[in-house]
Amino acid sequence: MPAAPMPADPAATTVLTAAHLLDVRTGRMLDNPQVQVRGGRIVAVGRAGDEVPANARRIDLPGMTLLPGLIDMHVHLDNDPTYGGYTSLQFGDRFWSMLAVPHAYRTLMAGFTTVRNVGSDAWNDVGLRQAIDEGKVVGPRVVPAGYAFGATGGHCDSTYFPPSMDEKNPYNADSPEEGRKSVRQVRKYGAQVIKICATGGVFSRNTEPGQQQLSLREMEAIVDEAHQWGLKVAAHAHGTAGIKDAIRAGVDTIEHASLIDDEGIRLAKQHGAWLSMDIYNTEYTQSEGKKNGVLEDNLRKDREVADLQREGFRRAHAAGVKMVYGTDAGVYPHGGNARQLNWMVRYGMTPVQAIQAATVNASQALGRDDVGVIEAGRFADLVAVPGDPAADVTVLESVPFVMKGGEVVKDTRAP
């Protein structure tokens with residue numbers, strides 16, 4: 001893995017030209033675009049031949065399509081899916097901190113220039129963000145949640161050990177007041193989004209995905225506190241009742257939403273909640289999970305929710321619910337983040353809609369106006385691929401050109 005690139009002269013201009021540019025706001029393909037970059041930001045978007053500074057560095061991408069850097073709204077960079085069940089216990093705690101570094105690199109090389117890390121151990125995602133921002137390691141922009149939290153004994157707690165080991169999430173919240181305190185604590189130590197577990201889950205032990213595990217009052221207090229501090233809230237919610245109460249509580253993004261029903265879809269539209277539905281990763285879990293040590297009970301739960309989640313995705317999208325792109329990378333290998341795009345198309349989206357979920361929609365859900373669109377003022381986070389991703393999203397599964405903050409971090413085009 002190479003060292004972080006040296007920052008460019010902030011006064012220098014880089015000009016990129018390509019065959020096409022996908023305007024993710026409108027879904028239109030623009031021919032012969034020209035993008036000017038200075039100081040890590042986009043300063044102008046026009047057509048090839050527009051006037052540029054005489055000493056500008058030029059990057060020509062013939063036959064290629066420019067898109068904004070992609071955004072994955074649900075990753076776990078310190079997770080490695082090849083260690084499932086109890087097999088992870090063979091390693092020390094800092095092993096996972098180390099793995100987050102190559103995982104971040106692979107994610108960026110896959111064209112994902114921003115990620116939201118919705119839960120990690122030992123503040124690994126906060127430290128990773130700081131190291132990336134300081135230029136010490138190479139990776140995407142990371143929006144960290146720090147510790148995800150929920151009810152004692154719930155999906156966000158430690159559920160694999162006997163009482164004698166006294167393993168527990170230090171930020172468990174079993175009342176509205178405890179929920180408020182947990183928000184304050186994780187924000188204090190670097191969380192930039194609050195992640196809660198409203199229901200049981202697939203990869204925890206002694207929980208079922210359909211179980212609601214935080215009450216409406218508890219979630220309302222958590223959301224109120226987080227929004228007071230200017231933070232968004234993401235809720236792990238597989239179960240029908242938990243999904244609906246999370247939406248009623250004002251949660252910004254509903255993660256998984258596997259068992260969403262028609263009332264949940266109606267509530268999501270009414271409240272403007274975003275759904276982040278990871279409809280690809282079961283392909284990896286069911287094919288590789290057993291040999292990776294995943295317990296049969298977890299594989300069972302994964303099988304039971306997979307098709308229900310995918311059909312819920314289809315119905316929610318058809319109803320016009322707002323969608324973002326979240327893969328749960330870490331449940332399957334990092335760097336394969338773009339594989340879900342094609343599954344979103346299989347279940348009802350157009351290729352452009354799937355790309356919008358991973359660009360402009362994601363930036364809106366993050367509350368950010370500096371990523372997700374190729375336009376003046378935003379970070380110069382760009383990817384380029386051969387062919388037409390608006391016709392075939394699978395071309396985004398192998399991205400040869402990646403720019404982050406005006407620096408080319410990957411260029412594997414044939415000379």
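Modeller: Start with a definition: a nonpolar core is a set of buried Ala, Val, Leu, Ile, Met, Phe, Trp, Tyr and Cys residues joined through side-chain atoms within 4.5 Å. Buried means under 20% relative accessible area, exposed over 50%, and partly exposed in between, with a 1.4 Å probe and protein chains only. This is a predicted model, in which local features need pLDDT of at least 70 and side-chain atom pairs count only at pLDDT 80 or more, while totals for chains, interfaces and linings use all residues. Residues are numbered from 1 along each chain as its sequence is written, and side-chain values use heavy atoms, with hydrogens and water left out.

Colleague: Which residues have the most contacts inside the largest nonpolar core?

Modeller: They are Phe-149, Ile-194, Ile-196, Ile-254 and Leu-275, in a core of 71 residues. Helix 4 (residues 216-228) gives the most to this core, with four residues. Helices (H or I, at least four residues) and strands (E, at least two) are DSSP runs, numbered from the N terminus. Another core, of 17 residues, lies apart from the largest one and includes Ile-42 and Leu-382.

Colleague: What does Ile-194 touch?

Modeller: Contact means heavy atoms within 4.5 Å. Leaving out residues up to four places away in sequence, Ile-194 touches several residues, among them Phe-149, Ile-222 and Val-233.

Colleague: Why is the pair of Phe-91 and Trp-96 called edge-to-face?

Modeller: Rings of Phe, Tyr and Trp (its six-membered ring) pair if their centres lie within 6.5 Å; planes under 30 degrees apart count as stacked, over 60 as edge-to-face and the rest as tilted. By this rule there are 16 aromatic pairs. Phe-91 and Trp-96 are 6.0 Å apart centre to centre, with 85° between the planes, so the pair is edge-to-face. Phe-91 and Trp-96 also belong to one aromatic cluster with Tyr-83 and Phe-95.

Colleague: Are Phe-91 and Trp-96 buried or partly exposed?

Modeller: Phe-91 has a relative accessible area of 24%, so Phe-91 is partly exposed. Trp-96 has 15%, so Trp-96 is buried.

Colleague: What makes the pair of Trp-123 and Tyr-189 tilted?

Modeller: Their ring planes are at 55° and their centres 5.6 Å apart, so the pair is tilted. Trp-123 lies in the loop between strand 7 (112-117) and helix 2 (124-133), and Tyr-189 in the loop between helix 3 (176-188) and strand 9 (194-197), so the pair ties together parts that are 66 residues apart in sequence. Trp-123, at 21% relative accessibility, counts as partly exposed, and Tyr-189 counts as partly exposed at 43%.

Colleague: How do you know that Thr-14 is buried?

Modeller: Its relative accessible area is 7%, so Thr-14 counts as buried. Thr-14 lies in strand 1 (residues 13-23). The side chain of Thr-14 makes a polar contact with the side chain of Arg-57, at 3.2 Å. A polar contact is a pair of N or O atoms within 3.5 Å; within protein, one must be able to donate a hydrogen and the other to accept it, and residues adjacent in sequence count only if both atoms are side-chain atoms.

Colleague: Where is Gln-212, and what does its side chain reach at 3.4 Å?

Modeller: Gln-212 is in the loop between strand 9 and helix 4. Its side chain reaches the backbone nitrogen of Gly-242 at 3.4 Å.
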